[in-house]
Amino acid sequence: MEDMWLECIRCRKKFPWNIVIYTCDHCGALLDVKYHFEEPKPERWREKPLSVWRYEDFLPRVREKVSLNEGGTSLHRCKRLAEKLGVENIWVKNEGENPTGSFKDRGMTVGVSLAKELGSRTVACASTGNTSASLAAYAAKAGLKCVVMIPSGKIALGKLAQAIMYGALVLAVEGNFDQALSLVEQSSKRLGLYILNSLNPYRLEGQKTIAFEVIEQLGQPPDAIILPVGNAGNISAIHKGIVEWKQLGLIEQVPRLIGIQAEGAAPIAHAYKKKEKEVVFVENPETVATAIRIGKPVNWEKALRAVYDTNGAAETVTDEQILQAQKLLARTEGIFVEPASAASIAGLVKLLDAGLVDKNERIVCVTTGHGLKDPDTPIRTCEKPIQIKPDLEAIEKIVAQ
Ligand SMILES: Cc1ncc(COP(=O)(O)O)c(C=O)c1O
Ligand SMILES: [Zn+2]
């Protein structure tokens with residue numbers, strides 16, 4: 001593909017699209033996928049269903065798409081939540097509606113298709129849970145071997161159930177996510193594993209379609225997009241999609257991108273607050289939102305650009321705020337998301353209180369993963385079922401309360 005190449009985000013060194021490379025051999029920074037786009041013709045995709053591959057004009061061309069029908073998730077207008085928070089317009093882009101229950105599927109359909117295109121036999125990732133579930137599913141669909149490394153005892157039950165059911169080789173590392181990712185990088189060199197963490201630039205290509213879908217579902221870009229940030233791939237991907245559509249003249253206004261991190265794992269939010277251009281990693285990240293329990297986000301440089309270039313922000317929320325927001329969203333809108341996803345709602349509440357988001361802004365919160373992924377949290381934090389005798393009077397007493 002002559003019209004596509006890889007390019008270092010820092011020194012701009014170019015690399016052919018079809019070599020397996022994740023970082024620049026000159027300066028060590030991450031890479032972006034670049035294209036010579038033709039003039040966009042919306043009539044080419046307008047009739048196609050909302051999905052990742054609806055936007056194939058903006059994606060790598062592959063001979064075989066490894067797809068489980070990802071994307072096309074709902075953009076829920078949240079009237080009751082908006083009323084509760086005293087704002088005009090809130091939408092939730094519910095990525096839990098993807099095939100394996102998280103936004104990772106958007107990245108994996110493109111990333112695993114590329115793995116096939118490049119002739120890889122084994123794909124691998126480190127994961128706080130969702131990446132492993134998603135990669136395991138797409139590897140199964142593609143007929144590839146899959147190795148996943150997870151922080152032992154620190155991923156939600158549903159995600160582990162998915163990874164083992166899809167037949168991945170699951171290695172529980174006695175360490176945290178950052179250590180698992182470092183191991184994946186080292187073993188990929190030795191064993192020739194194709195890495196599908198978000199340092200893989202092709203994965204982010206799939207995820208940038210969140211931006212395209214939101215823009216088309218709303219009919220225009222929102223004022224702000226708020227999302228949880230862990231390894232910081234998703235905020236970087238959404239930014240890339242927005243920049244591409246802006247450069248192609250498909251949109252005029254650029255939404256502010258606002259990343260939310262858990263207080264115990266917030267290197268990017270801390271850097272933003274000090275207006276730094278570099279981040280200080282967190283050695284021992286901790287949060288109830290295990291999906292974003294990451295101290296050394298590989299995409300920190302892309303993510304800071306996303307925030308600074310869009311006049312966005314990065315903010316922290318406490319575990320308590322996350323758990324409250326999870327219940328609030330479930331009980332006002334009927335949308336059950338996992339704790340990490342609720343960070344976007346918790347962040348919105350905090351930013352509204354601080355006056356950093358305006359009550360009149362059109363806000364989209366991205367909820368990244370389904371609530372059923374982590375059944376232990378509601379069992380711990382919600383009201384227990386009330387045990388009763390099979391007796392009508394007992395029921396009457398309780399229900400009438
Ligand atoms: C549910 C959920 N939300 C958010 C994130 C963070 O995404 P990113 O690592 O792209 O910042 C993850 C990553 O694992 C996740 O699983
Ligand atoms: Zn470079």
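Mentor: The chain is assigned domain 1 (1-36), domain 2 (75-101 + 203-380) and domain 3 (103-200). Those bounds come from an automatic or database domain assignment. This is a predicted model: local features need pLDDT of at least 70, side-chain atom pairs count only at pLDDT 80 or more, and totals for chains, interfaces and linings use all residues. Residues are numbered from 1 along each chain as its sequence is written, with chains lettered from A and ligands numbered from 1 in the order in which they are written.

Trainee: What separates the centres of domain 2 and domain 3?

Mentor: 23 Å, taken over C-alpha atoms. Their contact takes 32 residues from domain 2 and 28 residues from domain 3. Contact is C-beta atoms, placed from the backbone, within 7 Å.

Trainee: Which helix gives the most to the side of domain 2 that touches domain 3?

Mentor: α6, with five residues. Helices here are DSSP runs (H or I, at least four residues), as are strands (E, at least two), numbered from the N terminus. That side of domain 2 has nine nonpolar, 14 polar and nine charged residues. Ala, Val, Leu, Ile, Met, Phe, Trp, Tyr, Cys and Pro count as nonpolar, Asp, Glu, Lys and Arg as charged, and the others, Gly among them, as polar.

Trainee: Switching to the ligand. How many residues surround ligand 1, and which are closest?

Mentor: 19 surround it, with Gly230, Asn231, Ala291, Thr368 and Gly369 the closest. Near means a C-beta atom, placed from the backbone, within 6 Å. Elements giving two or more residues to that shell are α3 (130-142), α8 (233-247) and α12 (339-353).

Trainee: And where does ligand 1 lie relative to the domains?

Mentor: Domain 2 and domain 3 both give residues to its shell, so ligand 1 lies between them.

Trainee: Now α4. Which of its residues are buried?

Mentor: In α4 (residues 157-165), Gly158, Lys159, Gln162 and Ala163 are buried. Buried means 20 or more other C-beta atoms within 10 Å of the residue's own, C-beta atoms being placed from the backbone.

Trainee: What covers those buried residues of α4?

Mentor: The cover includes α3, β7 (145-151) and β8 (169-173). Just after α4, Gly167 takes a positive phi of about 90 degrees.

Trainee: Last one. How many residues are in the largest nonpolar core?

Mentor: 114. Such a core is a set of buried Ala, Val, Leu, Ile, Met, Phe, Trp, Tyr and Cys residues joined through C-beta atoms within 7 Å. Its largest share, seven residues, comes from α12.

Methods:
A residue is buried if 20 or more other C-beta atoms lie within 10 Å of its own, exposed if 12 or fewer, and partly exposed in between; C-beta atoms are placed from the backbone. Two residues are in contact if their C-beta atoms, placed from the backbone, lie within 7 Å.
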